[in-house]
Amino acid sequence: MKIEEAILTVLVGRYGGLTTQQIADIINRRKLYVCADGHPVSSAYVYRTVMLFPDTFTKAEGRIFLMI
């Protein structure tokens with residue numbers, strides 16, 4: 001699974017959105033994605049990925065939401 005797919009999986013059904021830290025925590029807890037260097041996903045990595053996919057994710061009021 002790619003990181004953007006992991007973020008999408010976490011956000012499905014979360015209509016109130018989540019913070020990048022909450023998303024990272026859930027991804028790490030569920031082991032949906034592990035970084036290439038073996039480290040857990042950070043909130044900064046989630047934020048960077050979200051900004052790369054503006055057609056899929058949006059940021060508002062400190063939370064990440066799905067656009068689709």
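Predicted model: local features only at pLDDT ≥ 70, side-chain atom pairs only at ≥ 80, totals over all residues.
Residues are numbered from 1 along each chain as its sequence is written, and side-chain values use heavy atoms, with hydrogens and water left out. The pLDDT, which is the predictor's confidence in each residue on a scale from 0 to 100, averages 95 over the protein chain, and 100% of the residues score at least 70. Confidence is lowest in strand β1 (residues 57-60), with a mean of 95, and highest in α2, at 98. Helices (H or I, at least four residues) and strands (E, at least two) are DSSP runs, numbered from the N terminus.

Helix α2 spans residues 20-30, and within it T20, I23, A24, I26 and I27 are buried, where buried means under 20% relative accessible area, exposed over 50% and partly exposed in between (1.4 Å probe, protein chains only). These residues lie on the same side of α2, because they cover an arc of only 165° around the axis, the arc being that of the directions from the helix axis to the C-beta atoms. An α-helix has 3.6 residues a turn, so residues three or four places apart point the same way. The elements covering the buried residues of α2 include α1 (3-11), α3 (43-52) and β2 (63-66), with contact taken as heavy atoms within 4.5 Å.

Helices α1 and α3 pack at an angle of about 95°, their axes lying 10 Å apart; axes are lines fitted to C-alpha atoms, for helices over the stretch in contact, and angles run from 0 to 180 degrees between N-to-C directions. The two helices α1 and α3 are therefore roughly perpendicular to each other, a term that applies to angles of 65 to 115 degrees, while those under 35 count as roughly parallel, those over 145 as roughly antiparallel and the rest as oblique. The contact involves I3, E4 and I7 from α1 together with Y45, V46, T49 and V50 from α3.

Most residues other than glycine have a negative phi. K31, although not a glycine, has a positive phi of about 55°, and this residue lies in the loop between α2 and α3. With a relative accessibility of 66%, K31 counts as exposed. E61, in the loop between β1 and β2, likewise has a positive phi, near 55°, and at 81% relative accessibility E61 counts as exposed.
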